[in-house]
Number of protein chains: 2
Amino acid sequence: MSESGKPARTVVDAASASARILDAAESLFYREGTRAVGVDAVVKQAGVNKMSLYRQFSSKDELLRQYLKRREAMFWGYFDGSVGQHPDDAAAALRQYFSDVTARATRDGYRGCPFVNVAAEYPEPDHFARRFVAEHKRQLLARLTALAAAAGARDPAALARALALLIEGLYTASQTYGTDSPVMAAVPQVADLLIAQALGRDPA
Amino acid sequence: MSESGKPARTVVDAASASARILDAAESLFYREGTRAVGVDAVVKQAGVNKMSLYRQFSSKDELLRQYLKRREAMFWGYFDGSVGQHPDDAAAALRQYFSDVTARATRDGYRGCPFVNVAAEYPEPDHFARRFVAEHKRQLLARLTALAAAAGARDPAALARALALLIEGLYTASQTYGTDSPVMAAVPQVADLLIAQALGRDPA
DNA sequence: TGTTGGTGTTACCGATCGGTAACATCGGCT
DNA sequence: AGCCGATGTTACCGATCGGTAACACCAACA
């Protein structure tokens, strides 16, 4: 549109630039991996300049930190959205979560748990991203244990550990066996079985 | 030791150079990731020159292919070593495998399933490494199904899917919850439970 | 009107990536 | 002895990595 040779400069205020950068980083980091995606790809997708990124985020590591925090919030939003449907029935809440997470993880293009992927990308166990993941999983196990206790499991910690393994298995199987594998479809049944067994009942 | 300024040239024949390169690549790729490790790191660890690598392997992708093939052979060596201990009792063979793989995966420094890690590193589902992983897991599921059938499971495919999920969960939990987590220690119990339930018996 | 602070743009930095050309040097062979 | 093929070494290629300096520009405010 501009007749001059000047490069169509578009001005974006800092707040919205920051949001656009985070949106771009989140989708790119999740879909392609945090190490594989460079800052140039992020700024291109966000439609901002590289200097705009480095004026909002001190480094790519800081961007990774924000990405992890957003994904953590998203995870607990999903989690609470599932278990909140059954405030008076912890067993049903657990089953609901497994049903919902399986539905999400079997969607085409699903790229697995972002925390699992990050753990795979950074070998050093004391890297801040690995610490973040470990802390997140610790909290998840605690929530599962509390729900298992509320459901009246004979050994809440044991049920929580079994369900934690199932969740990690679901995440990984989506990438190794494929989102459309029968292995994925089996998740809710296995969850039902583990829960029923821990409650001392025969599964249906 | 040499008094001249020349750089201590050491000659290695092609066959042993190839083996040393593969050894170095295998440990580095497994411990630090196939994308994170460059060919320079591989040749340095192998103690050979970069040109020696490229005269044996056409590209880094070819090196990755050989790495995957070696890891596949290693996996089936472990697997057959476990199930082979109970040629007349498929249920015991399955339990043995879960006991052994848990022992390996809880060792300090364990870095998870190499195929899972590769799947996490390459986002494109049709990348040759992803195809390799998918084929490997397909074969694993087939072996599990055959063992479940031999054990007399009411629904061999269902038991195999549940055990496949447990295996993926074990691999991933070792990296997210940590090799020393109680979650890892719970794997054999969960396997016993799934097997016993599928056989129609009460678990001990 | 002039100044000032934040924004966009360009160009660049050193490091590392996968990969290669050219040449020195060696061992085995005739 | 003389040759030749395979190996070791150096130096380099273009591309990309994360990150930055310098400057053009614009808006709000005095």
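Q: What makes a residue buried, and why does A:Glu26 count as buried?
A: Buried means under 20% relative accessible area, exposed means over 50%, and partly exposed lies in between, with a 1.4 Å probe and protein chains only. A:Glu26 has 13% relative accessibility and therefore counts as buried. A:Glu26 belongs to helix 1 (residues 14-32) of chain A. Helices are DSSP runs (H or I, at least four residues), as strands are (E, at least two), numbered from the N terminus.

This is a predicted model, in which local features need pLDDT of at least 70 and side-chain atom pairs count only at pLDDT 80 or more, while totals for chains, interfaces and linings use all residues. Residues are numbered from 1 along each chain as its sequence is written, chains are lettered from A and ligands numbered from 1 in the order in which they are written, and side-chain values use heavy atoms, with hydrogens and water left out.

Q: Which residues is A:Glu26 in contact with, leaving aside its neighbours within four places in sequence?
A: Contact means heavy atoms within 4.5 Å. With those neighbours left aside, A:Glu26 is in contact with A:Tyr67, A:Arg70, A:Arg71 and A:Met74.

Q: Why does A:Ser181 count as buried?
A: A:Ser181 has 8% relative accessibility, and therefore counts as buried. A:Ser181 lies in the loop between helix 8 and helix 9 (182-185) of chain A.

Q: Why are helix 5 and helix 8 of chain B called roughly parallel?
A: Angles under 35 degrees count as roughly parallel, over 145 as roughly antiparallel, 65 to 115 as roughly perpendicular and the rest as oblique. Axes are lines fitted to C-alpha atoms, for helices over the stretch in contact, and angles run from 0 to 180 degrees between N-to-C directions. Helix 5 (residues 90-105) and helix 8 (residues 156-176) of chain B pack at about 10°, with axes 10 Å apart. The two helices of chain B are therefore roughly parallel to each other.

Q: How do you know that the span of helix 7 of chain A agrees with its 23 residues?
A: The expected span of a helix is 1.5 Å times one less than its number of residues. For helix 7 (residues 128-150) of chain A this should be 33 Å, and its end C-alpha atoms are 33 Å apart, which agrees. Just after helix 7 of chain A, A:Gly152 takes a positive phi of about 90°.

Q: What do the buried residues of helix 7 of chain A pack against?
A: The buried residues, including A:Val133, A:Leu140 and A:Leu144, pack against helix 4 (60-83), helix 5 (90-105), helix 6 (114-121) and helix 8 (156-176) of chain A, together with helix 8 and helix 9 (182-185) of chain B.
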